[in-house]
Amino acid sequence: MQNNKLEKAATTNPGKDGKSLRQVPQPEALSLIPEVMARRYNIIPLSLSGNVLQVAMANPTDIFAIEALVAHTQKIIKPVAATREAVRDSIDFNYKAYGEIEHQISRIAITNDTVENKVFVNADAPLAQALYLIIEEAAKAHASDIHIDPEENRLRVRYRIDGTLHDMMSLPLKVHRALISRIKILAELNIADSFRPQDGQFSYESDGRKLDIRVATAPTIYGEMSVMRLLDKTAASRGLADLGMLPESLGKYENMLKNPYGMILISGPTGAGKTTTLYASINSLDTEGGHVITIEDPAEYRFKDVNQIQVNNQVGITFASGLRSILRLDPDVILVGEIRDAETANIATQSALTGHLVLSSIHANDSAGAILRLTDLGVEPFLMTSSIIGIVAQRMARRVCPECACLIEAPTVEAITYEKVMGYPKTRFNYGAGCAACSFTGYRGRIGLFEILLVSDGIRTLIASRAAKNEIRDLALKEGMVPMIKDGMLKVDAGITTPFEVLRATFTQN
């Protein structure tokens, strides 16, 4: 049932004190010590040789821990020193709960009237416990989404980690309807309706982290699928410095936010991190001395001293109608989750012209493309020249895992691209070798790649004359704009990401 990755070794590079876990934990060794004991004493069993059990310990001189292990295993304990972080990461990786998920699933006896009788409403029921374990494992892996997809002969469970989907386990199809029903119960959805898409949410606490879980379900040819998005509430406190902007770009953007009125647009495709940038922008503003109102779909995080309105089409609250009502509420700063239609685009532009600072996202490939997108939505060029302060285009690239990073000779195409962008050759870059901390992907976490276009007088002239996108972009580059691909390669130079990631992230940029 487990993914092949979960059967691999748990290894980490040396920690701050140079001690590390380099040995493959043997399954027979792991089976001797339960997870609760491993966490209590911060140890990880490595190998069993005869009557000797080798364990890695953060504190190998802890006599009480060793005595407890001897009493539990009836083995001779051979301690090996390792960093606390390395041991903790190895515990997280090796004591996956998939075995317990299997056990809980095996306890379920599915009958035709199972769902109708609501056997799984009880939080202590095996299926409910299995669902909680699936969520718990996703939280440990820092996944952003859990996908539960029915197929012809299995129920596939996938986690999206750092923007990439990973197959994690397969469950028997017999639990499909019951598992979806349990998710719907938690999210307060209609379990009797399996023919229409539904969405809702519920909260969950994992290892001290409070998660809001947004649920969406939809019918497929094999039955209902469900996607659960895990929203970490601590992400709402992220600042601009945490986004990964280079110092010069960060200074530019902070100066843009100091304008008392005008419009700042964040452009990029879905999943490019636009909302994260908007939220970090809000955190950088004075929310006590100014009145900040947002209109979002949905309002993913909650902010102190900020009034947030959520789009609700059923009662007539759209981006356009919500934005129109916000203007009567004496705002200083308005955040529009997304400009999707002509009405919203025109109201947002008018708001920026009447003394408000408007922040919004828009779908466009690059910064200059956002201007053409507004034109397509019917905003007059003369209004844009007076309202737009600047545009930020962005993408997300995976960070090289710091635990297993090492200098490696790059493939030819990556080295050639780097030289073309940066103007000088370099052939060795930081790559992740793969370890337990990054689930053997070589990447851990993500960083933004940015392109910041300041609307100067010259660019205003081009906008007013309905110039082509390439003309606007060329002038912006002459005036000092750093293109997104170069921003990425500068981060490659700093060892943060790889040329492959930059090329992958910026491939669609025109």
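Q: Is R158 buried or exposed in this predicted model?
A: Buried means under 20% relative accessible area, exposed over 50% and partly exposed in between, with a 1.4 Å probe and protein chains only. R158 has a relative accessible area of 17%, so R158 is buried.

Q: Which side chain makes a polar contact with the side chain of R158?
A: A polar contact is a pair of N or O atoms within 3.5 Å; within protein, one must be able to donate a hydrogen and the other to accept it, and residues adjacent in sequence count only if both atoms are side-chain atoms. At 2.9 Å, the partner of R158 is the side chain of D149.

Q: In which strand is R158 found?
A: Strands (E, at least two residues) and helices (H or I, at least four) are DSSP runs, numbered from the N terminus. Residues 155-161 form the strand that holds R158, namely β5.

Q: How many bridges join β10 and β14?
A: Strand β10 covers residues 262-267 and β14 covers residues 357-362. G262 stands opposite L357 in β14. The two strands pair in the parallel sense, and the number of bridges is six.

The model is predicted: local features need pLDDT of at least 70, side-chain atom pairs count only at pLDDT 80 or more, and totals for chains, interfaces and linings use all residues. Residues are numbered from 1 along each chain as its sequence is written, and side-chain values use heavy atoms, leaving out hydrogens and water.

Notes: Pairing = 2+ DSSP bridges.
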